[in-house]
Amino acid sequence: MGADHTRPAPSAPPRVRRILVATVVPLFVLTVVATLLLWPRHTPEPARAADVPRYHGTVTRVVTEPCPAAAETPDGAPGGSAGPCGTVTVRAEQGPDAGREVPAPVPAGPGAPRVEVGDKIVLVELVDPADPATKSYNIAEHQRGTPLIWLAALFAVAIVAFGRWRGLAALGGLVASFAILLGFVLPGIGAGQPPLLVAIVGSALIMFVVLYLTHGISAQTSVAVLGTLGSLVLTGVLGTIATAATHLTGFGSEDATTLSMFQRDVDLHGLLLAGIIIGSLGVLDDVTVTQAATVTELAHANPGLSRLQLYRAATRVGRAHIASTVNTIVLAYAGASLPLLLLLVADSRAVSEILTSEFLAQEIVRSAVATLGLIAAVPLTTGLAALVTTAGRGGTAPADGPPSRPPAEPDAALAALGTRRTGTDPGWTGPRRSTDTAW
């Protein structure tokens, strides 16, 4: 693995570092204390259906045959199986019949797997309630473990090969995120803790671990942390107001209704808010890290830029980022809910009734609140980054006046980031005038 040649961010002045430490450390300690207080200590046992043995096997033979003629039901409607019909021979690899070939019917019905010779499948053992000694096998699904392992390995190799040490740190952050979600957030909500509070605390903990692990301990990362945390709190407040104003109950999906049957103590309204918070975190840290890095790189490329110029230039980058991210959020929600959206399109109700239905109103609130949080993250993070970056300059550049710099320095932020031409370049036309405001 080669060395990571990423240029380190300029060091902040000692006074600025002390202020950041005095701000970030208490917030981290508060997050850890809240996590310990909300940690689930008495997680209820999950409701389990009757255990059905599941064994791995390999298809050795598939024989299809015509389905029996459809019978007429008493009301005159056609009955019987729609197929396919036939028998699948499977060599069992686990269970009491391991090493032997057992028959199973060809899977049929909506969503049934299509099997061929050589497929790795999962068998379920069915026992006749009237005669426990009589058993049969059905094919439940394909084995997916090996393809998923290869896909995960390719994912990890690609990230490390491109990102090098930072890619390796990103993988560590991903593992930490899942550990916090599976070890704290989900069990905490399942144990009856307030979902919104658990989501904010869990998201803050993920943010601290992931950002500092991935981007290192620096003033730039601390600015991104503060911007993300402030935007998360604002998103939670906006989500609370929006769900209350639209009278959302959290029962907008079949999954939520099913969950309420198994875990009656779960607050589905709070769970909706928790989903908005956690869903926003992944995009928020992207925006805040980008804005903090943009301000740092602009200041490094052209130290003569004033605080106001840094803020304005980085905000223009943030506007372009937000414009594309908004579309990403909406399409992500739409893609995850595509089957239900198709059902709504086929609905015979008026468009106004469909748009104000519980399910679609819930998705609209998710998208709108997440977008508002993102928009707030840009000026918040950019302003903090501009303050931190210019704090140690003394009298070099006024806070909002023209920069004090050599006349040969480019005036625009974009020129500062681009290749600086010299007098030996045939296309060089000389330094820009201080009155040139083109970007």
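This is a predicted model: local features need pLDDT of at least 70, side-chain atom pairs count only at pLDDT 80 or more; totals for chains, interfaces and linings use all residues.
Trainee: Which helix gives the most to the lining of the largest cavity?
Mentor: The residues that line the largest cavity are His215, Gln220, Thr221, Ala224 and Val289, and by class this lining has two nonpolar, three polar and no charged residues. Helix α4 spans residues 219–245, and with three residues the greatest contribution to the lining comes from α4.

Trainee: How are α4 and α6 oriented to each other, roughly parallel or roughly antiparallel?
Mentor: Helix α4 (residues 219–245) packs with helix α6 (residues 268–301) at an angle of about 150°, their axes lying 8 Å apart. Since angles over 145 degrees count as roughly antiparallel, the relation of α4 to α6 is therefore roughly antiparallel.

Trainee: What is the handedness of the crossing of α4 and α6?
Mentor: For α4 and α6, the crossing is right-handed. The contact of α4 with α6 comprises, by class, twelve nonpolar, 13 polar and one charged residues, and the handedness asked for is right-handed.

Trainee: How many residues apart are phenylalanine 28 and phenylalanine 208?
Mentor: Two aromatic pairs are found when the whole structure is searched. One of them joins phenylalanine 28 and phenylalanine 208 in an edge-to-face arrangement, with 5.3 Å from centre to centre and 75° between the planes. This pair links distant parts of the chain, with phenylalanine 28 in helix α1 (residues 14–38) and phenylalanine 208 in helix α3 (residues 195–215), and their separation is 180 residues.

How values were computed: Residues are numbered from 1 along each chain as its sequence is written. Side-chain values use heavy atoms; hydrogens and water are left out. Axes are lines fitted to C-alpha atoms, for helices over the stretch in contact, and angles run from 0 to 180 degrees between N-to-C directions. Helices (H or I, at least four residues) and strands (E, at least two) are DSSP runs, numbered from the N terminus. Angles under 35 degrees count as roughly parallel, over 145 as roughly antiparallel, 65 to 115 as roughly perpendicular and the rest as oblique. A crossing is left-handed if the near helix is turned anticlockwise from the far one by less than a right angle, and right-handed if clockwise. Ala, Val, Leu, Ile, Met, Phe, Trp, Tyr, Cys and Pro count as nonpolar, Asp, Glu, Lys and Arg as charged, and the others, Gly among them, as polar. On a 1 Å grid over the protein atoms alone, a cavity is a set of points where a 1.4 Å probe fits but cannot get out, and a pocket is an open set with protein on both sides within 12 Å along at least five of seven lines; lining residues have an atom within 4 Å of a point. Rings of Phe, Tyr and Trp (its six-membered ring) pair if their centres lie within 6.5 Å; planes under 30 degrees apart count as stacked, over 60 as edge-to-face and the rest as tilted.
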